[in-house]
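This note sets out several points for a reader who is new to the structure. Please read them with the sequence and the model side by side.

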Amino acid sequence: QAWLVESGGGLVQAGASLRLSCQHSGSDFTKHAMGWIRQLRGQERESIAIISASGQSTYYVDSVKGRFTISRDNANNILYLQMNNLKPGDTAVYYCAENNLPWTTGRFDYWGQGTQVTVSS
């Protein structure tokens, strides 16, 4: 069992930056892949960034490449998503998620409650 708590969302203008954090507890964070998933209004959830257990491998969906960076602090069990040059199309609920394996291509076993990011034009 794992518990994931996201923070850092909010309302910003286009072009601004935000950093999302996800505090993890309950399982061995250092052995599990982590990801950020977002859900735009009326659409299905989409994995936008994934990081391996070691932090050495990452994946980004094309729409966020070059703007978003996923990272993890394995000493403190925290996952981050640095979001730069935000666009109105990034407006969504952002979820932190965990897979019980060191890597995943998009399947997750545990989810946080989500944090809202709203980008105004």
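1. Leucine 101 and its contacts. Setting aside neighbours within four places in sequence, leucine 101 is in contact with Lys31, His32 and Ala33, where contact means heavy atoms within 4.5 Å. The model is predicted: local features need pLDDT of at least 70, side-chain atom pairs count only at pLDDT 80 or more, and totals for chains, interfaces and linings use all residues. Residues are numbered from 1 along each chain as its sequence is written, and side-chain values use heavy atoms, with hydrogens and water left out.

2. The setting of leucine 101. Leucine 101 is placed in the loop between S9 and strand S10 (110-111); strands are DSSP runs of E with at least two residues, numbered from the N terminus. Its relative accessibility is 48%, so leucine 101 counts as partly exposed (buried is under 20% relative accessible area, exposed over 50%, partly exposed in between, with a 1.4 Å probe and protein chains only). The C-alpha atoms of leucine 101 and isoleucine 37 are separated by 17 Å, and these residues stand 64 apart along the chain.

3. Threonine 104. The loop between S9 and S10 also holds threonine 104, which is buried because its relative accessibility is 4%. A polar atom of its side chain lies 3.0 Å from the backbone nitrogen of glycine 106, and the side chain of threonine 104 reaches the backbone oxygen of arginine 107 at 2.8 Å. Not counting residues up to four places away in sequence, threonine 104 touches Ala33, Ile50 and Asn99.

4. The nonpolar cores. Which residues touch the most other members of the largest nonpolar core? They are Trp36, Ile48, Leu79, Leu81, Met83 and Tyr94, in a core of 27 residues. A nonpolar core here is a set of buried Ala, Val, Leu, Ile, Met, Phe, Trp, Tyr and Cys residues joined through side-chain atoms within 4.5 Å. Strands that each supply at least two residues of this core include S3 (18-25), S4 (34-39), S5 (46-51) and S8 (78-83). A second, separate core has five residues, among them Ile37, Ile50, Tyr95 and Ala97.

5. Leucine 81. Beyond residues up to four places away in sequence, the residues that leucine 81 touches include Leu18, Leu20, Trp36, Ile48, Phe68, Ile70 and Tyr94.

6. The aromatic cluster. Tyr95, Phe108 and Trp111 form one aromatic cluster. Rings of Phe, Tyr and Trp (its six-membered ring) pair if their centres lie within 6.5 Å; planes under 30 degrees apart count as stacked, over 60 as edge-to-face and the rest as tilted. By this rule there are two aromatic pairs. Tyrosine 95 and tryptophan 111 are edge-to-face, at 6.2 Å centre to centre with 80° between the planes. Tyrosine 95 lies in strand S9 and tryptophan 111 in strand S10, so this pair ties together parts 16 residues apart in sequence. The pair of phenylalanine 108 and tryptophan 111 is edge-to-face because the ring centres are 6.0 Å apart and the planes are at 75°.

7. Charges over rings. Arginine 45 lies over the face of tyrosine 95, at 4.0 Å from the ring centre. The charged end of arginine 72 sits over the ring of phenylalanine 29, 4.3 Å from its centre. The criterion is NZ of Lys or CZ of Arg within 6 Å of the ring centre and within 35 degrees of the ring normal.

Conventions: Helices (H or I, at least four residues) and strands (E, at least two) are DSSP runs, numbered from the N terminus. A polar contact is a pair of N or O atoms within 3.5 Å; within protein, one must be able to donate a hydrogen and the other to accept it, and residues adjacent in sequence count only if both atoms are side-chain atoms.
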